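Have a look at it first, then go through the points in order.

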Amino acid sequence: MAKVLKSLNVNKACEPDGVSPRLLNECHMELAPILARLFDHTLSRGTLPIDCKSANVVPIFKSLGQTAVDNYRPVSLTSVVVKSLERLVNNHIMNFLSDDKLLCDNQHGFRPLPSCVTQLLQLVHEWLRILEERGSVDAIFLDFAKAFDKTSHPHLPLKLQHHEIKGQLLNWITDFLTTRRQRLVVDSHSSD
């Protein structure tokens with residue numbers, strides 16, 4: 001826990017609970033045991049308090065004219081404390097999936113060692129091998145717009161169960177994905 005708090009970016013905003021990443025970072029040794037007990041409590045119950053599932057959505061300007069709504073993208077700002085817990089849960093799940101060899105070797109994204117570069121190297125190596133053998137290569141490139149927005153929250157727990165993630169951790173993840181609250185914040189004005 002202390003390691004996660006120490007690695008926080010102190011320049012990030014403290015949304016929506018007002019807890020400063022700088023405070024968490026600079027007091028990581030003192031706060032780690034307290035937050036660890038709090039996290040253990042929520043994980044053992046398989047639930048997360050509703051206040052921990054709140055987010056402030058702010059529009060971030062992308063490009064071109066600032067008067068066009070399409071030139072902004074919504075960014076959801078959540079509690080730094082809860083993001084720290086998310087990171088611990090993610091690390092735990094990724095270690096489980098890696099240790100039990102449940103991730104395909106061709107899965108390069110969102111993993112600590114494989115990356116876009118390793119995927120590209122593997123792909124180019126395979127293409128060169130085929131071309132050296134006088135074969136042909138066809139490629140189709142797809143880009144799924146807003147792919148993360150299209151993740152089915154009701155189906156995710158079923159996929160996790162399929163990979164032997166169950167019990168209170170599965171209950172916690174399911175609870176984490178449900179009954180979330182968001183409010184739009186623009187120029188210090190917020191929606192209900």
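1. A definition to begin with: two strands pair if DSSP finds at least two bridges between them. Keep in mind, too, that this is a predicted model.

2. With that in hand, take strands β1 (residues 54–61) and β3 (residues 181–186). They run parallel, and four bridges join them. If you want a spot to check by eye, find alanine 55, which stands opposite glutamine 182 in β3.

3. Now step back to the whole sheet. What is the order of its strands? Reading across, you get β2-β1-β3-β4, an open sheet of four strands with mixed pairing. On the edges sit β2 (72–78) and β4 (189–190), each pairing on one side only.

4. Walking from the N terminus, the elements go α-α-α-β-β-α-α-α-α-β-β.

5. Along the principal axes, the C-alpha atoms fill a box of roughly 60 × 50 × 35 Å.

6. How many of the 192 residues count as buried? The share is 22%. The accessible surface comes to about 14,100 Å², and carbon and sulfur atoms account for 58% of that.

7. Valine 82, in helix α4 (residues 80–99), counts as buried because its relative accessibility is 6%, and the cut-off is under 20%. Setting aside neighbours within four places in sequence, valine 82 touches Leu48, Cys52 and Phe176.

8. The other is threonine 42, which you'll find in helix α3 (residues 28–45). Its relative accessible area is 6%, so threonine 42 is buried. Beyond its neighbours within four places in sequence, the contacts of threonine 42 are Thr47, Leu48, Pro49, Leu85 and Trp172. Notice Leu48, which is in contact with valine 82 and with threonine 42.

9. A word on sequence versus space. Among contacts between residues at least 6 apart in sequence, 55% join residues at least 24 apart.

10. Last, charge. There are 22 positive and 21 negative side chains, and the centres of the two sets lie 3 Å apart.

Key: Residues numbered from 1 in each chain as written. Predicted model: local features only at pLDDT ≥ 70, side-chain atom pairs only at ≥ 80, totals over all residues. Heavy atoms only, no water. Helix = DSSP H or I, 4+ residues; strand = E, 2+ residues; numbered from the N terminus. Buried < 20%, exposed > 50% of the residue type's maximum accessible area, 1.4 Å probe, protein only. Contact = heavy atoms within 4.5 Å. Areas by Shrake-Rupley, 256 points an atom, 1.4 Å probe, with all protein chains shown as cover. Lys, Arg positive; Asp, Glu negative; His and termini not counted. Charge placed at Lys NZ, Arg CZ, Asp CG, Glu CD.
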